[in-house]
Structure formats: structure tokens, C-alpha cells
Number of protein chains: 2
Amino acid sequence: MNVENPTAGADSGISERPFLAAFEEKLERTVREDFMLGRREPRILGLAAEGLILAPGAKRLRPRLVLRLGEALHAPPPTVLSIATAAELIHSASLLHDDVVDESSERRGRPTANARYGNSTAVLAGDLVLSLAFVQVQSLPHAVTATAVRLVAEMSRAALLEVRARGDQALIASLADPAGARAAEALWRDIAEGKTGSLFGWCGEAVALALGDLDTAARLALFGRRFGVAFQLADDLRNLRGDEPGKDQLSDLTNRQPTLPLLRAAARDPAIRELAEAVWRTSDGVRDVERLAAAIGASGVFDDIVAEIGGLLDDAVVALGELAARPGGASLVAWAELLRGTVSR
Amino acid sequence: MNVENPTAGADSGISERPFLAAFEEKLERTVREDFMLGRREPRILGLAAEGLILAPGAKRLRPRLVLRLGEALHAPPPTVLSIATAAELIHSASLLHDDVVDESSERRGRPTANARYGNSTAVLAGDLVLSLAFVQVQSLPHAVTATAVRLVAEMSRAALLEVRARGDQALIASLADPAGARAAEALWRDIAEGKTGSLFGWCGEAVALALGDLDTAARLALFGRRFGVAFQLADDLRNLRGDEPGKDQLSDLTNRQPTLPLLRAAARDPAIRELAEAVWRTSDGVRDVERLAAAIGASGVFDDIVAEIGGLLDDAVVALGELAARPGGASLVAWAELLRGTVSR
């Protein structure tokens, strides 16, 4: 099963291939044309943005989500394409800035813009890409832009919360107490929802708002938020469980990310808290990381997480309501089932 | 004469004080309210933004410009206030990112957000502040947002051009050739217009677009661009001529900025090129910096620059057209004369 190309094989009214071809063409045109505008163009800015946006390896999850939701709502194709492009550009802008913030050197198997051209270029390229995203939706109803702005604010906040939570010893210590454990989970949820759920939510919200359907917009915002968090959580689980050997295995632990499986397991077991504190103190204890992963696995928390993902996906499907029965909606339900399948074993 | 509080004493219909009081209140409310929204608010993000936006020492030039242009166009006060707030927030967001890009440690006599809270916080705070700017104008006609987006793209590009031009030895070397000198001046103009002129231009353009007056919008965009570049150039001249002792004197030379006076003087005189190359090679040659400043002064280029500023201000006033005779317009003409006065001596 391939969650990264989720709707390709699913039963779906509109074929994904022509949409994605049109999307890639629009994205490339948007990026290249705009980067040609200046007379004395800082070519490097374009390279930095292109290197990420047009590089192979992008999964185009958000455009695919927009496609299926647009299909379910019978939205005009140009509207669907504009929102899909905006969503991918907002995602790309956030990656450019996140890589600066995280001092990451590699993404999608290539050097990051900050690693290659420096922080300055990556910061400014992110600003430029974000402004291009807003251009895409400027002819749609105002509410689309208004929600995009709030989305960017939420994503920025979540990115900062994440930076601050990473490797935070006090967070691990707080898990000893039930109230602390609840607060830590709430923090995790804010981060996951802000970083992934909010943009997944906007994908459908924007399509519905473009059609003037406020009620559906609210439901699709909820759908995307739950679905996005489920997606994030499944990713965290696979990383920790070692489902995809060779794919940065245990990198979340090494990077001192407070993922939900870690937080839950550490809340339950003082020995896991101690191990986690040890790993978060030193960034190069490979053996400790493996011991910590084994202890989390042995704690039985993985079953909880699988159940949690199931609950989020249930919520997401409920939020779809009658759309779940329509062609694009059915593809999304199939996608949710696919995701559920990859984590339960 | 006080160019930093330009319209306070000028003959102007509306008094500046109540407008600025309303503006400061709206700005503070916008920043604080929005920074309270999150449940687990990363307070540090708000602090970083507040430290810059609400810190004393901000001159509020752009809001003042919006006030006078709004007055001349009889724009409704809430529209004027929204555009003024958006302009100041766009300016603030660009400062937050510029300080990261330039690795600056101080602004307006205080530590910068990047120096105090790190690059991550400053980058994300800039994103958040920029999104708040768009919120301000979201209920105005779409063209206001559309031009704001293009503005952000232009500002990002100019910031990158500036980073790349700073200390670029090849740029100095290129001045030996007339075509190279022309290209260098054009680069300087792109930077000055992108960094200062474009936002000054948007201030009036946005007010006119909010009123649906496309023709005036184009003229006010031009007015602001010329006025903004004149402003920037006057700043560069004063810094180099040492008009304001104690105020970071010669900092542009020390920071290896390719200002117009430097470019022109170096284009004329091989000895100045050599001196400039020496200063740009080492960042700590205080004596060399003073020798370079003296040589530029002796080259007679300051008179050229004063004339250039005069020409830009003439263009700006011409672009105002019949607005120059109206109350707010007359204040702007007075402001232009004040600026002209501070540089001619």
C-alpha cells in the first residue's frame, strides 16, 4: 500500500493524472514566470524556491486533497487548480522557513535552500513564495484570502511552539504529573494541528468558501484538521516503530521531537522518562535512542496510538457527512482507510 | 528641522496628533489581541514582535504618509487607519527578516529580535506580523491586497539584491567601465526602490485603490517611489557626510553598503575605487573608512547627490498633480521641501 500516492488507485470519478499534470504545469509557470519579472533578477532566489517546489519527491498531498474535495463539491476546475497551487506554495514557504528554523541541511534527499544558499536567501525565498500563494487566490472570494492569512499565523505559531518544545527537559519532567501529561498532549496537538492539520483543513475550507458555502467550509476545515493530525501521527508512529527501514528511522527520537507516542509512554513509565531525559541531554547517544525506542515499543503505547489514529479518521469521515458518498468524497474515505491500514498490523 | 517628525509643524488640515494616537491604539490592539489568541501562546513570539513594533523610536513615516494621502483623497478615516496599520506591519515584518538576513544585533537602540530570541523566533514573528498586515486590509477592495502581495515580493527581492551587493568586490571593479557604472547605479536604484520606494508607493496606491480610483493609484505609486528613494538617498548622504554626529556615522561605509554617493565617486576616481576595495576587503579598517569618506567628499559627488534628491522630489511633486494643492497634499509638498532643505547646505 502506498499512502504517498493515496488516491491513484482508489475508485474516483476524476482521474488524478490529468489534474496533477495541469497542476505541475501551473505551479512551474507560476514559479518561473514570477521569478523572471525583475530586471536584475536575483536568480539565486528563484533557484532556492525552485529547488524545493519543483524538485522531484514532493508528494503533492495538499493538491490531491483539494482535487478530491473540489470534485465532491463540483467546484469549477480553475478554482480547484488555484487553491491547490496556493496550498502547495504555502506548504513550500513553510518548509523554506522551517528549514532555517531547524537548521536542516537536507530535505527530499537534496540540500535545503538554507544549506545551499544561506539563511538570508531561504528566508527571503520563503517570503516570496508565500506572497505568490496569495496571488493564486486573489480573484476568489475574500474569505479565501482571509482564512489563508489566519492559516499562516497558525502555522508560524505552531512552528515556534515546536522549536521550543524540542529537547525541552522540563516537558519530559512534567509528564510525572497527570495534569502535566495532559498539558503536554495538548501542546503536541496544537503543534500537529498547527503544522499539518490547519493547512489540510484550509484545502477544503477554501474550496467551500470559494463556492460561498460557509456551512460546508466549517465541516471541511474540521475534516482536514483531523485527517492532517492523523497523518502526522501515523508518520510519527511509523518512524518510531521502524516500519520503513532506511527512511530516517528513529529520527524523531534523535531530533528530540516530543511525539505523542513518546509523551504517552514517558507519562506512564518513570524508566522511559529517565531514558528520554538521557537522550534529550546528549544528541549523539545512538544506543540510548535504540533502547528508548524499544522501551516505548514494549510499553504497549503503539496500540493506543493506532486507536487514536482510528478515532481521528472516524471524526474526519463524520465531518465529511454526505460528501463521503460522492465521487471525490469516496476517494477521501478510501484514502483514510488506506492510512488506517498502514498503521494497524 | 526635523525630517523624522515631518508633518508635525507643517500646514495641514487634519492635526496629526489624534490620528497618530488612534493609529498607535489600533496597532497595539492588533498586535496584542492577536498574540493572545492561542491557548498555549508562544509568548516569546509576541515579545519579539512587540519589542519592535511597539518600541519607542519608530518614526511612523508610512502611517503619516497614509494620513496625508488619505486626507488629500477624502478617504474614510477607518480606511486610512487600516492601510496605515498594514503599511507599518509590512514594514515591521521586513525589519524582523532583514535583521535576520543582516545578522543585526541592534535596531532603534534596542537588541533586535534575532539577537534576543534567536533567528527562529525572528523569522516566525516576521511571518506572523506579515499575516497580520494582510488581515488589516482584507475588507478593502481586492486590488489593495493584490498590490500588497506584489509589494512583499518586490521587497523580498530587493532585500536579497542588497545582501548580495554588500561588500561585492566585483561591483566596485565594474565601475571602471561606463557600462558597468550604469549597471551598478541601476542596481542601486532597484534596491532603494524595492526596499523603501515600493512601500512608500503602496501607501498612496492602496488608499486610491480602496476608493476605486485607478488613475490616482498609479500616480501615487509613482509619487511614493520617487519620494521613498529620495528619502533613502538623503539618509545615505547624511550618513556619509556626517550631518548627524553620533548617529552611526559612516556606518554605511563600514557595513560595505554600495550607496549611490560611493558608487558615483568610485566610478569617477580610480583612487576611490582602490580605497573602497580596501575597505570592503577588511571590515575593521577604521582609518581607511575615514580616508574613503574624505575622498568621496572631496570628489564633489555630494553636490550631484543633492541634485539627484532634488530631481526625485520634483518628480514626486509632479506625480501628486492637483492633489498638491489640497490640504493633505500640501503637507506632503511641505515635507518634500523639508527633506530638500536638510540636504542642501
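A salt bridge here is a side-chain nitrogen of Lys or Arg within 4 Å of a carboxyl oxygen of Asp or Glu. This is a predicted model, where local features need pLDDT of at least 70, side-chain atom pairs count only at pLDDT 80 or more, and totals for chains, interfaces and linings use all residues. Residues are numbered from 1 along each chain as its sequence is written, chains are lettered from A and ligands numbered from 1 in the order in which they are written, and side-chain values use heavy atoms, leaving out hydrogens and water.

**View 1. R68(B) pairs with E71(B) in a salt bridge.** Their closest N and O atoms sit 2.6 Å apart. Both residues are buried (under 20% relative accessible area; exposed is over 50%, partly exposed in between, with a 1.4 Å probe and protein chains only). The two are three residues apart in helix α3 (residues 61-72) of chain B, so about one helical turn separates them. Helices are DSSP runs of H or I, at least four residues, numbered from the N terminus.

**View 2. E185(B) meets R264(B).** Here the closest N and O atoms are 2.5 Å apart. E185(B) belongs to helix α9 (residues 178-210) and R264(B) to helix α12 (residues 260-268), both of chain B, so this pair ties together parts 79 residues apart in sequence. Both E185(B) and R264(B) are buried.

**View 3. E193(B) bridges to R225(B).** The closest N and O atoms are 2.9 Å apart. Helix α9 of chain B holds E193(B) and helix α10 (residues 214-241) holds R225(B), so parts 32 residues apart in sequence are tied together. E193(B) counts as buried at 18% relative accessibility, while R225(B), at 21%, is partly exposed.
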